[in-house]
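Let's take a friendly walk through this structure together. Have a look at the picture, and then we will visit a few of its side chains one by one.

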Amino acid sequence: MSERSTIEQAVDKYLHATNTDDVSEIPLTEDVVIDGPMIPEPISGETAVRKYLGDVAPFVAGIKRKMTVIEGDTAAIVLQFEGLNGVVIEGAEFFRVRDGRICWAQTFFDTRPLISGAN
């Protein structure tokens with residue numbers, strides 16, 4: 001399996017797990033770090049990251065991938081997030097994958113629609 005397909009597979013599992021509220025199948029390294037606009041400080045470690053993702057996933061009605069760019073061990077994904085309240089937000093998520101497992105993820109999106117509840 002090529003490095004590109006390994007990265008695509010890891011990201012696909014991450015997105016699928018978020019959409020199905022089952023984060024147990026996300027391939028994460030033990031030292032994974034995740035960060036984003038709704039996280040006050042980066043979260044480190046597989047257990048803590050998996051717990052955070054498990055806590056957030058039920059509030060996401062769906063994530064749709066709009067575009068993927070893969071370079072080396074990194075993937076950049078343009079996404080559309082839909083919350084349970086119907087708010088739709090476009091953003092980007094960046095992943096670094098090591099040995100088929102996500103070791104770093106960072107999300108960027110405008111938080112104003114979440115706060116105001118409007119599109």
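A residue is called buried when its relative accessible area is under 20%, exposed when it is over 50%, and partly exposed in between. At 38% relative accessibility, aspartate 12 therefore counts as partly exposed. Keep in mind as you read on that the model is predicted.

Where does the side chain of aspartate 12 find a partner? It meets the side chain of arginine 65 in a salt bridge, with 2.2 Å from N to O. This pair links distant parts of the chain: aspartate 12 belongs to helix H1 and arginine 65 to strand S3 (residues 60-71), 53 residues apart. Arginine 65 has a relative accessible area of 34%, so it is partly exposed.

Because they are four residues apart in helix H1, about one helical turn separates them. Glutamate 8 is partly exposed at 29% relative accessibility, and arginine 4 is partly exposed too, with a relative accessible area of 41%.

Now move on to helix H2 (residues 46-56), where glutamate 46 and arginine 50 lie four residues apart, about one turn of the helix. These two form a salt bridge, their closest N and O atoms being 2.8 Å apart.

Next, step into the loop between helix H1 (3-20) and strand S1, where you will find aspartate 22. Its relative accessible area is 36%, which means that aspartate 22 is partly exposed. The side chain of aspartate 22 makes a polar contact with the side chain of serine 24, at 2.6 Å. Alanine 76, by contrast, is 54 residues from aspartate 22 in sequence and 22 Å away in space, C-alpha to C-alpha.

Our last stop is the loop between strand S1 (28-35) and strand S2 (43-44), the place of methionine 38. With a relative accessible area of 47%, methionine 38 is partly exposed. Together with Leu114 and Ile115, Met38 forms a nonpolar patch on the surface, and the three share about 310 Å² of accessible area.

Notes
Residues numbered from 1 in each chain as written. Predicted model: local features only at pLDDT ≥ 70, side-chain atom pairs only at ≥ 80, totals over all residues. Heavy atoms only, no water. Patch = residues over 30% accessible without salt bridge, like charges linked within 9 Å, V, L, I, M, F, W, Y side chains within 5 Å. Areas by Shrake-Rupley, 256 points an atom, 1.4 Å probe, with all protein chains shown as cover. Salt bridge = Lys/Arg side-chain N within 4 Å of Asp/Glu carboxyl O. Helix = DSSP H or I, 4+ residues; strand = E, 2+ residues; numbered from the N terminus. Buried < 20%, exposed > 50% of the residue type's maximum accessible area, 1.4 Å probe, protein only. Polar contact = N/O pair within 3.5 Å; in protein donor to acceptor, adjacent residues only side chain to side chain.
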